[in-house]
Amino acid sequence: MQQARHIILSLCLLIIPFSVHADQDAMQLLQSMGTAAKNLNYDGVFAYQSGNKLQSIRIIHRSDERDEIERVLSLNGAAREVIRTNDLVTCIYPEGKRIHVNRRPLGRGFPSDLLSRLSSATDYYKVTLGDESRVADRLAQELSITPIDNDRYGYRLWVDKASHLLLKSELLTDNKDVLETFAFSTVTVNADITDEMLRPQITGQEMTWNRSDLQSPNQTTAIRGLSVWKLDWLPEGFVLVAQQSRLKASTGNAVEQRVYSDGLSSVSVFIEQIHAAHNHLKGGSNMGAINAFGTILHSHFVTVVGEVPAHTVEKIGNAIRYGNAGQ
Amino acid sequence: MSVDLELVQRVQAGDKKAFDVLIMKYQQRIIHVITGFVHDPVEALDVAQEAFIKAYRAIPNFRGDSAFYTWLYRIAINTSKNHLTSRARRPPAMDVDAMDATNFYDAPELKDFDTPESSLLNHELEGVINKAIDELPEDTATAIKLREFEGMSYEEIAQVMDCPIGTVRSRIFRAREAIDHKIKELTGEGE
Amino acid sequence: MMTVNYNEQLSALVDGELQGEQLERVLALLKTDVQAQQQLQRYQHTSDVLHGFTTKLHPVDLSERLALALQDEPTHTMRSQSKANVLAFPSQLWKQLSGLAIAASVGALAVVGVMTQPENQLVSTPIQVAAYEVVNDAKPQLASSNRWTVGEPEVEERLNTYLVDHNEYAGASGVFSYARVVSYDAGQ
């Protein structure tokens with residue numbers, strides 16, 4: 001038994017690069033939290049609070065050997081739903097009678113490549129175990145994640161001791177102000193989830209289907225002329241973790257998305273060709289804790305979106321250069 | 001002073017016709033904005049009409065602190081939201097009360113609003129226009145592109161193209177004439 | 001018959017690039033000349049199509065219908081201007097007139113306009129109704145808003161698409177990542 005524990009610990013050491021900031025137990029919990037979110041079947045209701053807005057949301061997640069499928073639906077306000085399957089994200093907005101279908105960027109399980117990213121986060125965050133407390137009538141272990149600088153936010157996470165499912169999450173500014181809270185009020189882990197439960201409430205009969213970008217990822221990477229963009233600045237530790245180009249069905253515009261991450265926080269840079277003088281975000285905007293910064297460069301809309309402080313998206317936005325200037 | 005502000009001040013001073021020009025200028029944008037909220041096209045036109053009437057009534061209060069369009073846009077958004085709220089609030093059984101009946105008779109078929117270009121769908125029209133631009137002489141094409149796609153002012157275009165503002169104005173006009181000609185050809189309208 | 005010269009001025013009017021005497025003349029022309037009105041409409045519509053300010057359907061034109069509806073509206077007299085012929089009504093009278101306009105039902109629309117106000121916002125004159133809305137909306141949105149703090153739906157929609165795409169990667173958990181999408185505050 002003692003030996004077995006020793007082996008597990010050694011394995012973890014192999015996966016997670018050693019860092020002065022990392023509390024090993026805390027990192028291990030973070031890892032298993034990622035696995036749990038992906039592999040468990042669960043059905044619960046959580047609150048999403050941002051500022052004075054409170055939204056109640058039901059999440060139903062099912063995972064088996066072949067498929068992962070998740071349905072997220074708002075319980076108050078407009079009855080919106082998002083359904084994620086292996087390779088598609090379907091957003092249903094009944095108030096606008098619209099359905100958006102997007103191919104999922106990486107076309108595999110979700111959370112997308114979170115597990116592989118986590119290990120690199122330890123250099124930029126101090127991860128420590130906190131107290132035990134009760135969330136959604138379950139015993140939870142608190143995890144405190146503090147960034148090394150103010151270019152990114154910190155987190156407080158409450159992880160279910162039994163299943164390692166994330167039960168509560170807070171996004172924190174450098175002053176420890178809470179920007180956003182997600183917290184389960186009730187959740188059934190290892191729930192029996194039927195196909196019926198994963199079917200959208202609203203059928204698509206009177207909806208407009210908006211299938212944005214259903215070409216395969218292989219095809220999308222073939223779009224040329226978009227990879228000439230350069231970034232002069234990124235927060236320390238942010239590296240390119242994903243990149244894709246797709247054509248928007250609505251406009252035919254090519255849109256390139258690049259995702260940069262330090263392992264925990266991430267920022268997407270969207271670069272969209274302009275074919276007509278549409279208006280675009282100039283400067284900063286935010287939606288809850290998500291900040292965006294927009295600018296126009298070389299006949300492209302450039303937009304930086306991420307759950308990082310406003311000054312970070314702005315600094316990134318201002319550091320984008322068109323590589324082959326003059327062409 | 002901007003043309004919009006000039007027009008607004010005329011309306012404020014009692015020149016109702018000046019408001020017609022503002023309607024012509026902004027109706028497509030406003031209908032477009034409203035369609036984002038109200039998806040039924042006939043309903044959207046009703047809401048657009050309501051928004052313009054509200055704007056007309058409120059125009060004495062417009063002080064030019066923001067651009068006219070921004071101000072008009074806010075009214076359109078509010079009118080749309082109110083429309084959706086009232087529609088949701090109204091029980092379905094009550095749908096033939098006097099007010100609705102009036103509305104019903106007021107709501108004409110969409111074709112009543114057709115323009116001469118209506119035989120073409122909007123996206124077809126966009127194709128025709130883009131093709132017409134491609135066929136323009138280079139200077140003319142550049143001028144209209146800088147104006148429409150880059151949103152530049154005549155002065156900025158004059159700087160970029162290194163020519164007098166008057167030349168910019170006539171190039172853009174020639175581009176529009178050529179585009180108009182192409183559309184007329186396709187819709188079979190005589191000159 | 002209009003001259004080409006006027007068409008060029010109409011084109012400049014579309015771009016908001018007409019001033020002074022030329023603007024005066026074109027506006028005067030537009031009051032009476034149907035052909036000039038149609039031409040302006042055509043130029044404007046071409047520009048709108050290029051800007052994407054169109055609905056999916058056929059092009060539509062509201063101007064005639066609106067002109068009719070506005071016929072019943074009182075003429076504004078709030079500020080006099082040397083250029084225009086103004087009959088200076090006292091503003092009190094103006095308010096009464098607009099109140100009457102509602103009472104006499106300019107069309108169902110006027111009624112709908114007031115009816116759709118939330119009850120606690122019911123105010124006495126249409127001017128105030130509209131003014132209230134504008135002032136209300138002009139306030140800068142709180143950072144806590146569940147909506148992009150941008151003024152234009154076109155921009156907002158693009159940001160929403162980006163939000164969906166970004167959420168695939170956002171957050172520490174993956175569990176809650178799409179909560180923001182379903183929570184998006186469309187109605188306010």
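Q: What makes helix α1 (residues 3–12) of chain B largely enclosed by the rest of the structure?
A: In this predicted model, 7 of the 10 residues of α1(B) are buried, so the helix is largely enclosed by the rest of the structure. The buried residues are V3(B), E6(B), L7(B), V8(B), R10(B), V11(B) and Q12(B).

Q: Which residue with a positive phi follows α1(B)?
A: G14(B) follows the helix, and its phi is near 105°.

Q: Why is A136(A) called buried?
A: A residue is buried if 20 or more other C-beta atoms lie within 10 Å of its own. A136(A) has 20 C-beta neighbours inside 10 Å, so it counts as buried. A136(A) is found in the loop between β7 (125–135) and β8 (138–147) of chain A. Its phi is positive, about 50°, although A136(A) is not a glycine.

Q: How do you know that H164(A) is buried?
A: The cut-off is again 20 or more other C-beta atoms within 10 Å. H164(A) has 22, and therefore it is buried. H164(A) lies in the loop between β9 (154–160) and β10 (166–172) of chain A. H164(A) is not a glycine either, yet its phi is positive at about 70°.

Q: What makes β17 (residues 283–287) and β18 (residues 290–297) of chain A a pair?
A: Two strands pair if there are at least two bridges between them. β17(A) and β18(A) have 5 bridges, in the antiparallel sense, so they meet the definition. Within the pair, S285(A) stands opposite A292(A) of β18(A). The two strands form a hairpin with 2 residues between them, and G288(A) in the turn has a positive phi of about 60°.

Methods
Residues are numbered from 1 along each chain as its sequence is written. Chains are lettered from A and ligands numbered from 1 in the order in which they are written. This is a predicted model: local features need pLDDT of at least 70, side-chain atom pairs count only at pLDDT 80 or more; totals for chains, interfaces and linings use all residues. A residue is buried if 20 or more other C-beta atoms lie within 10 Å of its own, exposed if 12 or fewer, and partly exposed in between; C-beta atoms are placed from the backbone. Helices (H or I, at least four residues) and strands (E, at least two) are DSSP runs, numbered from the N terminus.
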